[in-house]
Amino acid sequence: MIIKKIIIYGYGKWIDAEFEVQAPFQLFFGENEAGKSTLMSFIHSIFFGFPTRHSSSSRYEPKESSRYGGKIIIQDKRFGEVSIERVLGKVTGDVVVQFEDGTTGDETILSTLFHGKSRSFYDSIYSFDLKGIEDIQELNEEQFNRFFLSIGALGHEKYLKQADYYHSQAGKLFKPMGRKPIINQIQMKLKEKKQVLDSAKENNESYINLIKDDLAKQDQLENVELKLEKTTEELNNLNELSKYKETIEEIETIKNRLEELPDLNLPEEGLYQLKQFHSDIETYQQKINGLQDRQKTLQHQYKPSKELVMYQQNEEELIVFEKEMDVWEDKVQDLQLKRKDLSNIKQMITETKIREDISLAEPLPQTLKSGDNDYLENTHNRMLELDNKITALVEDEKALLYRININDDMIDKIETQLLPLSRFNELTELDKKTSDTENQNKKKTKTFIMPLTITLTFLISLYLYTINPLYSIGLIALNLILFYFTSRTEKESSESFSQEQRNLLYQQKNLRNQWKELLAANDDYQSHKEESVMNLGNVKKTKRLIDEDFEYWKQKHDYSDNITIYSILDKLKIYDALRELLEKESALTHHTESTLRVLNERLNSFEHLFKRTLIAEDVVEKFKEVKSVFREIKKEQRELKDYMKETDAVQHEINYYVQKVNEIKRSKRRFFESLNTTNHEEVYNLYTTQKEKNEKELRLSLLLEKLPVRDEPHLKLKLNSLDEKMMKLKEQQQLLTSEQKDIMKKMMEIEMQIKRLEDGGTYTELLQEYENEKSYYQEVVNEWSILKSAAGIIEKTLHHAKEDKLPHTLSIAASFFSFLTSEKYQQLVFDEDDLFVIDNNGNKWRSEDLSRGTVEPLYIALRLAFIKATKESIQFPILIDDPFVNLDSLRVKKMYELLTSFDKDIQLIYFSFDQRIHSFIEDDNCVYLKNKAD
């Protein structure tokens, strides 16, 4: 399973964010608070659910968005491309799993996708940080094995849970020290009932006496039956024995002959031992002869070479030279590196000159003084300021000209609308006179007419009201109508003149004001334009003077004509860089020549000591030749040592085999003495007698096997006394049979009496209850035995299924750990449930005895080994949150090399702020996160 894409709706600081995750090794890089831990938590939450509100883990609910959750698209070998979406809903969120064919599912499908594994399992192996890498150290060997069973692809975890269930159910039935389990309770009840039952028995004296009589009769019957059995058996033996008369006679003959033969007690393998003595002596003598021939051959084969002889003659001086070889090899390597650096610097100088258009043969200008630098910098700054001023003045001139043109267009439009000045003056005078007349008329009308009219109308109305009220009201209405039309006529006569004229006058006044303002503005713009043109000419003149002064300065200081004031500062930096490269070139050249001179002197010394002229011309090749000479000499010295060692070994073998021959001769002599013999013939005679006796004993044994009875008393009986003995045994058999019948009859009477006593009292009920309780107890015990047996069978079966996992995993972890520690530690082993590491010297170290910089790679190697060993069963993405801050640069480099080449089928997502990782990860595999609070 690999993650292809991460889509976040809202989670902590991440709002509407997407990340493509295609590479087997993907890096998310960012400083603290860039969102790395939030992104790692998001992956956990989508896979296994949001943390509950009471959980110690953060929920990362977004503050700037109402959408909580997101989606992860994965690629799975079983199901293809799968989309897992989880949003706010129930406590852990609502999840939708969608497959390529469009089918969807919920938490059940998601559990199947993750092989039923929980968040804790994923966190314990596939997701870890600086603290998490140490959790694995708490596992002992049994827990390691248990872990392998829990991650099997064939349902081992289900069977383990079933075994645990059986153990749990069995624990409910019985515990050795428990009280509540069922069996423990039944045991207590049985004990109590047994005590009550025993008490009932003691109260029944007759019952006890009958029981005693019954037991006595049982013993008596057993004795009679035993005697009857023995009598019957002996009688049968005698009947059978009477059928083998000839065999018994032959047995008697053989016994008599055995009494005549002596009891020698010779060793069983004596003759074989004697033959072996002769064979071993002959074999060892052949080996001695072969080794002596081999010794002569070695002496003729080995001859020391001329070089070895020369080395031995000047051994002290050449040994000193050889001890210093490492130092001289370092100098040779340093010479090679310096030559390479010198070539690189020359190439850099050439490339820089070509790139910057500098003549290869042209010498560099002299280094400038501080005053010249200040002059160039000030001149450069002044030129930039003048350019800025020119740009600003040109832009200003364009803007002023543009504004003047716009104003001219507006003036032309206004002038077409203006009235002649005489007409404008007439309208102004007329407006003034009209205003004065209207003001006077209004004052008179308001002062005399209106009050008089109102007074007269009021008086007449009062008089008419006394005559007829309707006349009064009609008069008032008539006067009001007349007043209204009079006022309106005056107003219309006044407005018929002023309204049109006044509008025209108001318009002309506005146009003339705009016309004057535009003329004044154009005059001001024209003045500013002339000033800008003058300033522009002054600035260009100043710039020309500066250019002339700079040209004079370039000629004086031997600078190229194509250098401008704008590029001079950059050229100075390039010249400084070239001067620095030239100084390095000079220093490297001096160092190279010095080293070459010292090496040549040392090579001349070697040629003088060894009296040999080296073939190669270059110093490096000469040292290679010297090293080859020493290597050949060392090889021949090893061959000489091997020759001496082999010669000594051959001589040691000869001595060993001679000693063996002497020991065999001494053993042979002791063998003759033990048999009181002096030669081989006497030994052979003894073993012939011994052979005869053994044959007789074997025949006797075969004959005895044929007899139905082989005990000595029966065999000593005379054949004619067998019938008498058989008659006596038959009579005894009849008497015992009659006695057996009488005893059995009396036992039946006693048992009937016991039964009547048991059936007629409380004891019977107690006995029945006791037997019922025993039956129930047996059923529960059987159930407990079945549960324990089933759990044991499951665990034993699964143990055989995983028994090769732990050694294989430890082997993988050892290879990882060895790589991370530069081969310092080679092996991991369990000893009494403790994990040990073994170094190159064979020393065993506990994990707690190692340094932090060593124990962390150990724990990481164990985690990766688990994942590697179980990848055929399950494959999950690995999430790592920068746990390597305690490692030095070398081990960090090793760690990143291991992670980037770990396994192409297992995806690894790494979150880090460590700058050292950039040298190991390509930009295509890196996502840079901005620094913002989670």
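Of the 934 residues in the protein chain, 35% count as buried. The model is a predicted one. The chain exposes about 58,600 Å². Carbon and sulfur atoms supply 51% of that area. The fold contains 24 helices and 14 strands. Contacts were also sorted by separation along the sequence. Among those between residues at least 6 apart, 73% join residues at least 24 apart.

## The parallel sheet

Strands of a sheet pair through backbone hydrogen bonds, and the pairing is either parallel or antiparallel.

Look at strand E12, residues 878-881. E12 and strand E13 (residues 908-912) pair in the parallel sense over four bridges. Ile878 has Leu908 in E13 as its bridge partner. Leu879 is partnered with Ile909 in E13. On the E8 side, E8 and E12 pair in the parallel sense over three bridges. There, Asp129 has Asp881 in E12 as its bridge partner.

A helix covers part of this sheet.

## The antiparallel sheet

Another open sheet has six strands, in the order E2-E1-E4-E5-E6-E7. Here the pairing is antiparallel. Its edge strands are strand E2 (14-20) and strand E7 (104-105). Each of these two pairs on one side only.

At the E7 end, strand E6 (residues 94-98) and E7 pair in the antiparallel sense over two bridges. The bridge partner of Val97 in E7 is Gly105. Helix H1 (residues 36-48) packs on the sheet. Helix H1 touches strand E1 (2-11), E2, strand E4 (69-76) and strand E5 (80-87). The direction of H1 makes about 100° with that of E1.

## Salt bridges

How many salt bridges does a search of the whole structure find? The search finds 13.

| Pair | N to O distance |
|---|---|
| Lys5 and Glu20 | 3.6 Å |
| Glu646 and Arg294 | 2.3 Å |
| Glu580 and Lys584 | 4.0 Å |

Start with the side chains of Lys5 and Glu20, which meet in a salt bridge. Lys5 lies in strand E1 and Glu20 in strand E2, so the pair ties together parts that are 15 residues apart in sequence. Lys5 has 22% relative accessibility and so counts as partly exposed. Glu20 is also partly exposed, at 45% relative accessibility. The pair belongs to a network of salt bridges that links Lys5, Glu18 and Glu20.

Glu646 and Arg294 also meet in a salt bridge through their side chains. Why does this pair tie together parts that are 352 residues apart in sequence? Glu646 lies in helix H17 (residues 619-674), while Arg294 lies in helix H9 (residues 270-301). Glu646 is partly exposed, with a relative accessible area of 32%. Arg294 counts as partly exposed at 33% relative accessibility.

Glu580 is partly exposed, with a relative accessible area of 44%. Lys584 is partly exposed as well, at 42%.

## A nonpolar surface patch

Tyr402, Ile406 and Met410 make a nonpolar surface patch of about 300 Å². Ile406 has its place in helix H13, residues 370-415. Is Ile406 buried, partly exposed or exposed? Ile406 is partly exposed, with a relative accessible area of 33%. Patch residues need over 30% relative accessible area, so the value of 33% for Ile406 passes that cut-off.

Note on methods: Residues are numbered from 1 along each chain as its sequence is written. This is a predicted model: local features need pLDDT of at least 70, side-chain atom pairs count only at pLDDT 80 or more; totals for chains, interfaces and linings use all residues. Side-chain values use heavy atoms; hydrogens and water are left out. Patches are made of residues with over 30% relative accessible area and no salt bridge: like charges are joined within 9 Å, nonpolar side chains (Val, Leu, Ile, Met, Phe, Trp, Tyr) within 5 Å. Accessible areas come from the Shrake-Rupley method with a 1.4 Å probe; for residues, only the protein chains shown count as cover. Buried means under 20% relative accessible area, exposed over 50%, partly exposed in between (1.4 Å probe, protein chains only). Two strands pair if DSSP finds at least two bridges between them. Contact means heavy atoms within 4.5 Å. Axes are lines fitted to C-alpha atoms, for helices over the stretch in contact, and angles run from 0 to 180 degrees between N-to-C directions.
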